[in-house]
Amino acid sequence: MEIVYSQATRDDIPNLERVRLNYLFADHPDMTFEEADKVRETLPSYFEKHVGVDLHPFIARDMMYRGELIASAFLLVIEKPANPNFIHGKVGEVLNVFTAKQYRNNGISTTLIKMVIDKARELGLDYIKLSSTDMGYDMYKKVGFEDSNSSYHEMIYKL
């Protein structure tokens, strides 16, 4: 295995679309083909608009297998009015942490998350947040993420 890590560019958008869909199929096994088609339609314009602006995708490729994209971790930068919890007004959210099944448990996601953390520091973010599955929880703890303790309730209003 010869793994090469990098920050994705606009040239990687077709691969980012594919890894996003792979992630979604793994995270939402009940996603219908109709839902997947609707998501697929939105991805090219989303990535064109955001990659390198407020979305910083990191990828891993297996060079022994034609440079195939095998893993990803996205850093989405969100700018808000500052408050004492984010004094600079910029925070990050980690999305789409995904490693192809046959490459898991080799430290690939750990390397990508460390790259995300370095980029967040470079950008002067106040913190990075994420939602973890049970499978990724120990890895995130190992690299320094902490459980969030908040007096706020996370809520959503579906439109």
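## From values to terms

A: The cover over the buried residues of α1 includes α2, β2, β3 and β4. This is a predicted model, in which local features need pLDDT of at least 70 and side-chain atom pairs count only at pLDDT 80 or more, while totals for chains, interfaces and linings use all residues. Residues are numbered from 1 along each chain as its sequence is written, and side-chain values use heavy atoms, with hydrogens and water left out.

Q: Which residues of α1 are called buried?
A: They are Ile13, Asn15, Leu16, Glu17, Val19, Leu21 and Leu24. Buried stands for under 20% relative accessible area, exposed for over 50%, and partly exposed for what lies in between (1.4 Å probe, protein chains only).

Q: How many helices and strands does the protein have, and what makes a run one or the other?
A: The protein has 4 helices and 5 strands. Both are DSSP runs numbered from the N terminus: a helix is H or I with at least four residues, a strand E with at least two. Along the sequence the pattern reads β-α-α-β-β-β-α-β-α.

Q: Where does α2 bend, and how is the bend defined?
A: The bend, of about 35°, is at Leu43, and a proline, Pro44, follows within four residues. Such a bend is the angle between axes fitted to the seven residues ending there and the seven starting there. α2 (residues 33–50) has 18 residues and reaches 25 Å between its first and last C-alpha, close to the 26 Å expected. Its buried residues are Ala36, Leu43, Phe47 and His50, and these pack against α1 (13–27), β2 and β3. After α2 comes Gly52, with a positive phi near 80°.

Q: Why does His56 count as buried?
A: Its relative accessibility is 5%, so His56 counts as buried. His56 belongs to strand β2 (residues 55–62).

Q: What makes the pairing of the His56 and Gln7 side chains a polar contact?
A: A polar contact needs a pair of N or O atoms within 3.5 Å; within protein, one must be able to donate a hydrogen and the other to accept it, and residues adjacent in sequence count only if both atoms are side-chain atoms. The pair between His56 and Gln7 is at 3.3 Å, so it is within that limit. By the rule for contact, heavy atoms within 4.5 Å, the partners of His56 beyond four places in sequence include Gln7, Ala73, Phe74 and Lys119.

Q: How do you know that Thr99 counts as buried?
A: Thr99, in strand β4, has 7% relative accessibility and therefore counts as buried. Its side chain makes a polar contact of 2.7 Å with that of Ser109. Not counting residues up to four places away in sequence, Thr99 touches Ile70, Ala71, Arg104, Ile108 and Ser109.

Q: Asn96 and Asn105: buried or exposed?
A: Asn96, at 2% relative accessible area, is therefore buried, whereas Asn105, at 82%, is therefore exposed. Asn96 is in strand β4 and Asn105 in the loop between β4 and α3. Neither is a glycine, yet phi is positive in Asn96, about 55°, and in Asn105, near 65°.

Q: What makes a set of residues a nonpolar core?
A: Its members are buried Ala, Val, Leu, Ile, Met, Phe, Trp, Tyr and Cys residues joined through side-chain atoms within 4.5 Å. The largest such core has 22 residues, and Ile113 and Ile128 have the most contacts inside it. At least two residues each come from β2, β3 (68–79), β4 (90–99), α3 (108–122) and α4 (134–143). α3 gives the largest share, 6 residues. A second, separate core has 14 residues, among them Ala8, Ile13, Ile59 and Leu76.

Q: Why does the radius of gyration of the protein agree with a compact globule?
A: The radius is taken over C-alpha atoms, and the globule rule is 2.2 Å times the number of residues to the power 0.38. For 159 residues a compact globule would be near 15 Å; the protein has 16 Å, which agrees. Of these residues, 36% count as buried.

Key
Expected span 1.5 Å × (residues − 1).
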